[in-house]
Amino acid sequence: MSKRDAPEHDETRGLTRRGLFRSIGAATLVAGCTTDDPSVHPEQAPTPDVDGAIGLTPTPLEFVLDGQPQKLEVEARTTLLDLLRLDLDRTGTKVVCDRGACGACMVLVDEVPRNSCMLLALDVAGASITTVAGLGKSSQLSALQLAFVEHDAMQCGFCTSGMLISSSALLRRSAGQPLERAQVEDAIAGNLCRCGTYPHVVDAVLSVANGPGAARRGSELLRAKKGGA
Amino acid sequence: MPDKTKLSVGYGANIQTISVELPPSEPRPWDSVDEMTVVGTPLPRIDGPLKASGEARYTHDITLEGLLHAAVLRSPWPCAVVKRIDVTPATKQPGVGAAIALVEVGDKLIFAGQDVAAVAASRPELARAALASIIVEYEPAPFVVATRDAMRDGSPQVHDAAVEERRTGADEPGAAEAQGKLQGNVRPGRSQKRGDAKRALNKAPVRFEATYTTQCHTHSALETHGLVVQWFGKKTVTVWASTQSIFGVRDEFAALYGLEPSKVHVITNFMGGGFGSKFGANASGTALAKIAGDLARAADKPVKLMLERGEEHLCTGNRPDSIQLVKLGATDKGKLTAIHVQAHGSAGVGTGAGVGRNAASVYTKVPDVLVESADVFTHAGPAVAFRAPGHPQGAFAMESALDELARQLGMDPIDLRLAHDNHPVRRWQLELGRERFNWDARRKAAADMRARSTRIRKGVGCAVSIWGDFGGTEARVTIEISRDGRVVVKNGVQDIGGGIGTIMAQVTAEVLRRPVETIEIQIGDSKLGPGVGSGGSKTTSSITPAVRNAAELAKAELAELATTALAATSTKHLRWTAEGVSVGRQTMSWADLCKRIEGEAIVAVGFRGRNAAAHPKSFPGFETPEIAGVQFAEVEIDTWTGEVRCTELLAVHDCGRVMNELTLRSQINGGIILGIGYALMEERVMDPSLGVMLNANLEQYKACGVKDVPDISIVLTEVISGNNSTGAYGIGEPATIPTAAAIANAVGDALGVHVRSLPITPAKILDALEQQRRASQEGAK
Amino acid sequence: MQPFALIRTKRIERAREIVREKPETRVLRAGGIDLLDRMKEGIDEPELLVELREVLWAGAKLADGQPLIPPDTNPLPPAPRYAEVGALTTLAELAAAELPGLDALHQAAGQAATPGIRNTATVGGNLLQRPRCWYFRHRDLVCLKKGGDTCLAITGDNRYHAILGGGPSFIVHPSSLATPLLALDAVVSVFVGDAKGSVQQLVPLAELFVSPETDPTREHSLGPGDLLTQVWIPVLDDMRSAYQAVREKQSHDWPLVEAAARLRLDQAGSMRDVRVALGHVAPIPWNASEAAALLEGQAPSVDLFARAADAALADAAPLDGNAYKIPMAKGLLREVLHRASGLALPE
């Protein structure tokens with residue numbers, strides 16, 4: 001049996017070209033596909049014969065990134081996240097799930113926090129993008145970033161830039177009004193942190209919104225000391 | 001004979017003076033009399049600004065000239081034999097620099113997600129696209145992925161022969177090689193034994209027996225496993241790795257390619273979480289280093305291999321599931337006479353299912369104890385150490401069984417624990433929590449809600465932890481004090497997120513009496529001298545004593561210079577302050593003192609001494625010197641919908657001397673929050689008839705988010721043991737051990753019936769309520 | 001993702017035409033969240049995305065009037081006023097809109113997905129998204145919806161699958177907006193015109209969705225290129241509504257079960273114009289008309305709500321792993337009825 005004849009949709013339920021089966025030992029199966037299948041020659045895929053279609057080949061894109069105008073060319077399939085990390089070396093924006101489920105890649109698009117993995121680069125034509133780098137450099141941190149440092153709102157640090165973007169958007173929206181804990185939790189509900197730093201993130205944001213006394217009780221140390229703890 | 005040194009040690013107000021022998025090189029350990037000025041303060045982590053600005057470069061962020069991106073083709077089959085493999089079509093795809101097969105014809109693949117072939121291309125999407133052109137033919141074979149199914153006679157056998165155990169520095173301390181012989185898919189592991197539990201059970205007037213199950217739990221570190229390999233000829237290589245063990249990566253990489261370890265330069269400036277899964281160059285279920293190394297050689301370019309989220313779930317490790325039959329024997333007065341745990345767990349195709357030591361080592365007043373555990377092999381990705389390997393699952397079963405027995409006997413769960421636990425600190429912690437958590441009043445309120453069958457119920461529960469890793473002596477820390485006054489501390493340890501660099505600066509500042517911000521820390525690089533792997537909660541307890549000892553050595557040299565310069569009669573008369581050093585009214589500034597250094601710098605290398613006091617068994621007054629912790633949880637349950645939330649959690653923990661209360665709190669919060677996910681929502685779901693994982697993402701694999709976090713309070717019961725020069729222990733693992741068990745017990749208190757299976761989902765709550773309703777109807781008849 | 005191209009147009013007819021020329025490889029794109037997700041998984045590999053950003057409108061407001069449709073063909077339920085929501089409105093915008101009586105809709109929009117996703121995902125896309133079923137979403141599996149011959153949930157892990165209206169497919173409809181919109185008796189405008197003429201059809205929401213018995217490979221009735229342009233919601237005087245979902249995780253999770261109810265209380269305190277919908281229990285958003293019939297004209301009471309919940313789930317036929325959804329849906333519906341009617345929930 002040639003590989004072209006391999007059963008792609010036979011009686012075995014749950015089978016694709018890439019792979020799966022149902023009945024045991026049924027037949028040999030092709031994991032990939034053959035080289036004469038046009039779908040594996042991406043660069044030779046037919047150009048849609050529609051006037052005005054763009055992005056199959058690199059297409060001009062202009063936008064503003066952290067205050068700096070950018071002018072470059074990208075393919076339609078390049079996500080905003082890949083553009084930032086791979087083409088522009090803005091690696092403060094992280095890739096974690098690549099499906100909009102973790103918030104590590106959050107950026108502000110015209111001040112609105114959005115998952116850059118679920119946007120195409122070409123979507124932000126003419127927009128102003130703010131990444132974590134645009135909030136403040138390490139030598140000149142913004143108040144929110146400083147609060148993150150002071151409250152230890154980070155452990156491994158991989159969620160930090162996304163947390164900062166989500167919470168900076170909240171602070172912009174609230175425009176100096178005091179915030180409730182629940183509002184902060186709502187704002188970062190899409191940001192996953194596997195180290196479990198959430199309580200300190202909430203404390204940090206509240207300290208900026210409501211003043212330094214806003215943090216709740218954290219820990220109490222009972223010292224080993226002669227005469228009483 | 002070495003001099004005896006007097007130390008003031010203990011916990012709370014229970015302080016006693018002991019004499020210990022110290023080797024000449026070892027400074028007197030800081031004890032309860034020593035007043036710290038920098039150590040213990042809540043200093044924000046020193047690399048915080050780099051993380052908060054996105055400037056911190058992780059392995060995933062490394063860019064190099066000519067860098068290629070790798071992608072791996074993985075078996076979609078849970079079990080199959082490779083009949084054909086051809087990667088040449090991939091080499092013709094756009095942007096591809098190299099394509100390699102990772103299997104040969106005839107190889108048997110034994111889990112969905114196993115390595116098949118790999119490609120390196122100029123962009124990640126091109127590498128992934130090229131994978132589709134690789135030709136592989138598989139002959140599928142029978143498989144089994146459900147643990148209970150795999151235990152049955154005649155189920156497809158995963159391994160035909162003995163299985164080599166893959167061990168890492170994150171494994172449970174003291175875990176021995178499993179000795180049992182493979183029977184079908186079941187391999188009995190080591191047992192923990194005291195007395196004759198079976199006989200005692202037979203004689204017990206009160207018996208309790210129940211089976212508890214826990215799910216497979218994936219580490220899901222935010223930074224996926226990955227590395228960047230850059231060869232310089234055949235014999236020298238630089239590897240950037242997202243690892244929790246730089247030297248583990250170095251040694252494994254060197255072994256893979258037959259290199260001198262010193263020719264393998266490993267860099268981990270920042271890493272995005274590991275939780276036990278990132279030891280070694282390869283991951284437990286994918287040969288990361290071999291793939292990236294081979295691709296880099298084949299393409300003659302540096303290669304970055306960064307796993308996608310789905311792969312991370314499939315082949316980089318997990319916490320094994322468990323099925324635990326717990327039998328307790330007791331007198332009708334509530335005196336426990338026997339504990340017998342028979343545990344089975346699946347580490348997939350790998351080994352390492354276990355149940356920790358709650359049953360065997362916490363309740364030391366129980367005379368007869370037997371804990372048996374066995375690995376069950378299934379066609380699923382191999383497990384690997386995961387934050388307190390074995391312990392959360394074992395704690396869930398043992399602590400649940402105790403609560404159920406207490407309910408059966410009409411006893412208070414805290415009283416039952418106190419009656420059988422000898423550990424003085426844990427006993428103190430239980431009493432502290434009882435008072436601070438308002439335990440009695442809340443238990444009463446819960447009983448009242450149960451009696452009235454309210455729609456919303458609340459309940460409280462507690463559970464305990466035990467941990468026994470006190471750090472090692474392998475680290476070598478270098479401190480350089482330059483003529484210009486700079487202080488640089490160097491070690492090849494990586495920061496897994498605990499903030500070890502910050503604590504190194506604090507310890508150095510404490511010894512040298514220098515402002516902490518003037519201490520420069522260099523870590524995360526194998527060229528900086530031997531560090532330790534961040535596993536077993538031993539980074540702080542291994543590294544900080546070495547830092548202190550190096551700083552003391554450097555200071556001693558400075559003291560000699562100061563004594564001469566200030567014409568003091570002895571170094572003992574020197575007073576060290578932030579300004580410099582003084583004798584009487586004479587003061588010499590730090591800058592002036594350092595100018596007297598001969599040559600470029602004082603360079604001191606310190607290590608944690610192997611001395612009498614270093615052994616935890618010497619801790620005074622403890623039969624069981626392990627690290628103790630207790631957590632108390634409150635849950636709220638909507639009995640109409642089954643919705644369950646942990647609303648409040650009190651964590652009472654010992655971690656030796658607190659080095660930094662701020663970063664410590666972060667770690668404890670993190671352990672608790674991981675435990676909440678384990679208790680209530682996380683679960684790897686495998687389809688039993690297709691053999692594949694159904695939720696290999698971060699959407700249906702449900703890690704705890706901010707709204708799932710309760711109000712957490714932490715009480716630290718400091719213990720000063722004198723067992724190393726700083727007195728630090730670890731906390732990363734102890735903090736996650738009791739959480740799920742405490743929540744399960746709180747659920748039991750709220751409902752009056754226990755949910756014996758993790759995660760405790762709304763579906764299981766509704767099921768438990770239905771069972772309870774039926775039981776009460778039966779009872780009424 | 002395989003390479004693809006984009007096309008931007010301002011003309012709705014043009015957008016529809018482009019897709020209709022080659023419907024198998026061309027798709028409409030609004031927020032694109034679900035589309036991009038499927039493309040990343042390789043479940044869909046379109047060659048051309050037709051951008052709707054400049055074609056549709058965004059906004060949620062009380063309408064000035066109602067669509068110009070001859071009364072005899074107008075499916076809009078009679079109401080003193082209507083709210084209208086543009087298909088391009090993001091979930092975040094919808095959650096923040098202030099529309100009287102539409103609490104159920106605001107609540108559903110504000111809980112769906114994550115804050116970041118809600119800033120991109122649109123009302124139209126939410127209604128027309130593909131199921132989240134883990135068999136459908138698995139790149140290596142071919143289920144009934146992807147051309148296979150059986151629904152893999154039947155013998156597989158079906159904890160998140162349908163208990164009502166299932167077969168031959170047992171997905172649950174993923175739209176969290178559909179549940180309250182169904183309870184609110186919404187109607188959608190669908191553009192089906194071409195260069196020859198502009199044609200808008202009004203389709204009651206219930207008719208937008210396709211039962212798997214009719215066609216297991218699709219979830220909605222729109223033809224290729226047809227555009228859902230806006231949603232109309234009747235706003236009754238003194239209308240009240242509520243929505244609630246049960247989730248395993250509170251921060252970001254798909255619901256296990258959703259319930260929504262709409263009603264108004266007459267002067268005697270009886271419930272009128274009652275509509276009840278359940279979500280994530282069936283392959284289509286589920287109109288619990290038996291429950292509504294039981295409630296109509298009655299005064300709210302704990303017992304009545306319990307009976308209505310029983311009626312709503314009377315036909316439930318669970319698979320082996322999702323029977324829990326029956327008591328859950330009943331309990332949730334009772335809570336929603338309490339909230340919608342204002343009758344205090346028991347302690």
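In chain A, residues 24 or more positions apart account for 51% of the contacts with a separation of 6 or more. Two residues are in contact here if their C-beta atoms, placed from the backbone, lie within 7 Å. This is a predicted model, in which local features need pLDDT of at least 70 and side-chain atom pairs count only at pLDDT 80 or more, while totals for chains, interfaces and linings use all residues. Residues are numbered from 1 along each chain as its sequence is written, and chains are lettered from A and ligands numbered from 1 in the order in which they are written.

I'll stay with chain A for a moment. Its secondary structure comes to 6 helices and 7 strands. Helices (H or I, at least four residues) and strands (E, at least two) are DSSP runs, numbered from the N terminus. Along the sequence the pattern of chain A reads β-β-β-α-β-β-β-α-α-α-α-α-β. Of its 229 residues, 56% count as buried. Buried is a count: 20 or more other C-beta atoms within 10 Å of the residue's own, with 12 or fewer for exposed, partly exposed in between, and C-beta atoms placed from the backbone.

Next, the interface of chains A and B. The contact takes 79 residues from chain A and 84 residues from chain B. On the chain A side, the elements that each supply at least two residues include β1 (29-30), α4 (160-174), α6 (198-210) and β7 (219-222). That side divides into 37 nonpolar, 25 polar and 17 charged residues. For the classes, Ala, Val, Leu, Ile, Met, Phe, Trp, Tyr, Cys and Pro are nonpolar, Asp, Glu, Lys and Arg are charged, and the others, Gly among them, are polar.

A strand pairing also runs between these two chains. β7(A) and strand β28 (residues 711-717) of chain B pair in the parallel sense over 4 bridges. Pairing requires that DSSP finds at least two bridges between the strands. The bridge partner of Glu220(A) in β28(B) is Val715(B).

Chain B also touches chain C, with 31 residues of chain B in contact with 28 residues of chain C. On the chain B side, α3 (124-131) and α19 (762-780) each supply at least two residues. The largest share, 5 residues, comes from α19(B). By class, that side of chain B has 13 nonpolar, 8 polar and 10 charged residues.

Now the strands within chain B. In strand β26 (residues 627-638), 11 of the 12 residues are buried, so this strand is largely enclosed by the rest of the structure. Strand β18 (residues 456-467) of chain B runs antiparallel to β26(B), joined to it by 12 bridges. Gly459(B) has Val635(B) as its bridge partner in β26(B). β26(B) also pairs in the antiparallel sense with strand β27 (residues 644-653) of chain B, over 9 bridges. There, Glu636(B) has Arg645(B) as its bridge partner in β27(B). The hairpin of β26(B) and β27(B) has 5 residues between the strands, and Gly642(B) in this hairpin takes a positive phi near 85°.

On to helix packing. Two packed helices are described by the angle between their axes and the distance between the axes. Axes are lines fitted to C-alpha atoms, for helices over the stretch in contact, and angles run from 0 to 180 degrees between N-to-C directions.

In chain B, the axes of helix α14 (residues 500-512) and helix α15 (residues 539-565) come within 9 Å and cross at roughly 30°. That makes α14(B) roughly parallel to α15(B); the cut-offs are under 35 degrees for roughly parallel, over 145 for roughly antiparallel, 65 to 115 for roughly perpendicular, and oblique for the rest. By class, their contact has 9 nonpolar, 4 polar and 3 charged residues.

In chain C, helix α10 (residues 302-312) and helix α11 (residues 325-341) pack at an angle of about 135°, with their axes 9 Å apart. α10(C) and α11(C) are therefore oblique to each other. Their contact includes Phe305(C) and Ala309(C) of α10(C), and Leu333(C) and Leu337(C) of α11(C). The classes are 7 nonpolar, 1 polar and 3 charged residues.

Last, a sheet in chain C. This open sheet of 5 strands has the order β4-β5-β8-β6-β7, with antiparallel pairing. Its edge strands are β4 (60-62) and β7 (200-204), each pairing on one side only. The twist averages 25° from one strand to the next. Within the sheet, β5 (residues 81-86) and β8 (residues 227-235) of chain C pair in the antiparallel sense over 6 bridges, and Ala83(C) stands opposite Ile233(C) in β8(C).
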